[in-house]
Every structure is written in structure tokens, then in C-alpha cells.
Amino acid sequence: MQNTFDLITIGDSTIDTFISVHDATVECDVNRESCKICFAYGSKIPVDAIAHGLAGNAANVAVGAARLGLKSAVYTNLGDDDEGKQIKRAFEKDNVDLSYVKINEKKSSNLSVVITFQGERTIFVYHQDWFYHLPDMEGTKWVYLTSMGQSFTNSNIMDEVHHYIQKTGAKLAFGPGTYQLKADIKRFPKILDNCELLIVNMEEAKRILNIDQTEKTDPRDLLAKLQMLGPKMVVITDSEEGSYATDGNKTLKVGTFPMQVVQKTGAGDAYSAAFVAAICLGLPIEEAMVWGAINASHVIAHVGAQVGLMTKAELEKYRKTVSEMKAVSF
């Protein structure tokens with residue numbers, strides 16, 4: 001099948017409302033294993049800023065890839081409401097193809113509220129119970145499968161993605177979302193066996209492998225165990241520690257860039273978009289990791305999941321200023 005697109009993302013989109021606050025406290029247990037953000041109950045809480053924007057893993061990666069020069073499209077469900085129209089306009093602004101956007105009559109679009117305090121974010125998420133059914137899609141080089149609502153378990157969407165990959169020969173990247181992790185991605189062996197790239201953060205990696213979050217682990221062991229599930233390449237992002245990756249032949253690590261953290265929402269998606277774009281453009285995995293780190297570092301310096309997403313020209317220009325940054329074997 002001839003490829004019409006470089007990338008099609010599959011998953012939910014939302015409108016995020018970002019609220020930055022200063023009048024709060026964080027309370028943790030003695031080992032800091034569990035922390036809570038606290039506000040005065042029944043009070044009016046002053047905020048530093050409020051902003052709105054398109055978000056959702058599939059949306060972020062589609063927009064991020066489009067800015068980096070890929071011809072991208074998205075399969076996503078929207079409501080027949082003002083928020084749905086706002087999401088479509090945002091996609092159009094970044095030249096993301098809307099051929100596979102489904103408008104659901106008499107339903108509302110997904111909404112989230114992101115509270116940012118001291119650089120960390122707490123997210124209140126509302127997911128509609130969409131019915132997921134893959135449309136008749138044209139060919140693409142890559143598919144990025146990611147977060148969907150809980151109702152995905154009542155559909156055949158995972159099998160449909162597998163059949164599409166088998167039929168078209170597209171390469172599959174899988175960045176599982178909350179409900180896919182809750183369902184246990186090991187329940188989808190066809191997806192994992194046909195997965196070119198599995199990309200998760202450290203917490204998600206441990207969850208997939210049933211490892212206690214407090215347990216000290218060697219990233220090399222995590223990469224190896226995740227690759228045994230089927231993916232050809234595995235990437236684990238680890239916040240300030242950087243990221244780790246393997247393609248089965250080499251195991252690599254790259255650090256992060258010193259940036260003032262405004263909020264962390266969208267950092268993982270920014271990394272994923274740049275990593276997949278780099279690979280799609282024929283760059284080696286080592287350079288893809290650096291692209292991911294650069295894109296993520298710029299996103300966390302802004303409010304919103306997409307404001308800091310870089311264009312290809314911007315990323316390549318910045319890359320020249322940090323030519324010493326390299327992914328190294330470890």
C-alpha cells in the first residue's frame with residue numbers, strides 16, 4: 001500500500017485547562033512514597049494563571065510530529081460541541097489531517113484540568129465512553145497507538161490496529177495510556193509482537209513488569225524485560241535522569257537539558273513525537289534520543305502540552321548549540 005502519511009496517531013484528544021497555583025501545600029508520608037497536594041477546604045483559592053489548549057497523548061504526538069515536518073493524521077473521537085470545534089481548529093492550525101476524526105452527535109468532548117504547583121502537575125481527567133472503531137485508513141509509515149478511555153476494552157480496537165499493521169506494513173509505536181496500563185498491556189500480545197517501538201516512563205515500566213515503585217532497579221534490566229514482551233525497540237523516559245533505550249544490539253542513555261521547569265505536562269509526548277520523527281526521517285536511535293530530550297526540555301519551559309513543541313528548523317538550530325550532547329552506551 002502506498003503511504004499517504006508519515007504518521008497516524010490513534011487515541012483520545014482533550015481540551016486542557018491549566019491552572020497555576022501558589023497557595024497550596026504538599027503533604028507526604030514518612031518515606032515520601034505517597035504525597036498529596038492540599039488546599040484550604042471550602043475556600044477561594046487565588047491562582048497565578050489560567051490557560052486552555054489542545055492536549056491528549058494522540059493529539060500532542062500528532063501536532064509534535066507535524067511541526068517536525070511529518071505529514072501526520074489522527075484518529076480521535078470528539079463531541080459535537082464547542083470544545084470539539086476548538087480541537088479541530090487547533091489540529092488544522094498545525095496541518096494535522098482530520099480525515100479520521102470522528103464527531104459523535106449529542107456527546108461532549110473530553111476535558112481535563114491540570115493544576116501546576118512547584119513545577120509538578122496534578123491532573124483531573126474526564127473521558128467520554130467512546131465507541132472505538134478504526135476507520136478505513138490509507139497507508140502510513142508509522143502508527144502511534146496511545147491513550148484511550150476505559151471503554152476501549154469494550155471494542156475491538158486493539159485487534160483492528162494489529163490487522164491494519166499486518167495489512168499495510170506500517171511500523172507501530174505504542175505509548176500506552178492509563179487505561180491500557182490498567183488493563184495490562186500483556187493482554188495484547190499481537191500488539192507487542194508487532195511493535196517496532198514501546199515507549200514508557202519509569203513508573204509505567206515498573207507497573208508493566210509488576211515491580212514495586214520503590215524498588216531500586218537497573219534500567220538495563222527493565223529494558224531487556226520489556227523487549228522480551230515483543231517490541232524491537234524500547235525507550236524508558238525517567239524525568240530528570242534522562243532516558244534509556246535499546247534496539248536489541250545496544251543499550252543507550254541520554255541526559256536532559258537544563259531548563260527552568262514551568263510545568264511537566266506533555267514532556268513525554270514531546271519526547272515521543274521527536275523520537276518517532278527522527279527515526280522516520282532516517283536518523284539513528286542515538287540521535288532520536290537527543291531529539292526527544294531537546295523537544296521535551298522546551299515543552300516543560302511553557303504552560304501547556306503543545307506551546308513549546310519545536311519545529312524541525314528550531315530543533316536542528318538548537319541541536320547545533322549542543323553538539324556535545326550524545327547518547328552513550330551504559
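In what order do the 10 strands of the open sheet with mixed pairing run? The order is 7-6-1-10-11-12-13-14-15-16.

The structure is a predicted model, in which local features need pLDDT of at least 70 and side-chain atom pairs count only at pLDDT 80 or more, while totals for chains, interfaces and linings use all residues. Residues are numbered from 1 along each chain as its sequence is written, and side-chain values use heavy atoms, with hydrogens and water left out.

Helices (H or I, at least four residues) and strands (E, at least two) are DSSP runs, numbered from the N terminus. Two strands pair if DSSP finds at least two bridges between them. Strand 16 runs antiparallel to strand 15 (residues 251–254), and two bridges join them. L252 has S329 of strand 16 as its bridge partner.

Axes here are lines fitted to C-alpha atoms, for helices over the stretch in contact, and angles run from 0 to 180 degrees between N-to-C directions.

Strand 2 (residues 14–21) pairs with strand 5 (residues 47–55) in the antiparallel sense over eight bridges, and D16 has G53 of strand 5 as its partner. With strand 8 (residues 111–117), strand 2 runs parallel, joined by six bridges. In strand 8, I15 stands opposite L111 and T17 is bridged to V113.

Eight of the eight residues of strand 2 are buried, a term that means under 20% relative accessible area, with exposed being over 50% and partly exposed in between (1.4 Å probe, protein chains only). In a regular strand the side chains alternate between the two faces of the sheet. In strand 2, T14, D16, F18 and S20 point one way, and I15, T17, I19 and V21 point the other way.

**Helices across the strands**

| Helix | Lies across | Angle |
|---|---|---|
| Helix 1 | strand 1, strand 6 and strand 10 | about 145 degrees to strand 1 |
| Helix 8 | strand 1, strand 10, strand 11, strand 12 (195–201), strand 13 (233–237) and strand 14 (243–246) | about 155 degrees to strand 10 |

Within helix 1 (residues 57–67) lies A62, which is buried, with a relative accessible area of 0%. Contact means heavy atoms within 4.5 Å. Not counting residues up to four places away in sequence, A62 touches T9, S72, A73, V74 and V96. The C-alpha atoms of A62 and D97 are separated by 9.2 Å, although the two residues are 35 apart along the chain.

The axes of helix 8 (residues 267–280) and helix 9 (residues 285–299) come within 7 Å and cross at roughly 145 degrees. Among the residues making this contact are A270, Y271 and A274 of helix 8 and A288, M289 and G292 of helix 9.

Helix 3 has 12 residues, and its buried residues are I157, M158, E160, V161, H162, Y164, I165 and T168. These pack against several elements, including strand 1 (3–10), strand 10 (139–145) and helix 4 (178–183). Y164 of helix 3 (residues 157–168) has a relative accessible area of 7% and is therefore buried. Leaving aside neighbours within four places in sequence, its contacts include I8, L134, M137 and G169. G169 follows helix 3 and has a positive phi, near 80 degrees.

A nonpolar core is a set of buried Ala, Val, Leu, Ile, Met, Phe, Trp, Tyr and Cys residues joined through side-chain atoms within 4.5 Å. The largest such core has 42 residues, of which L145, I157, M158, V161, F174, L226 and I236 touch the most other members. Helix 3 gives the most to this core, with five residues. Another core, of 40 residues, lies apart from it and has W142, A278, W291 and A327 among its members.

Methods:
The expected span of a helix is 1.5 Å times one less than its number of residues.
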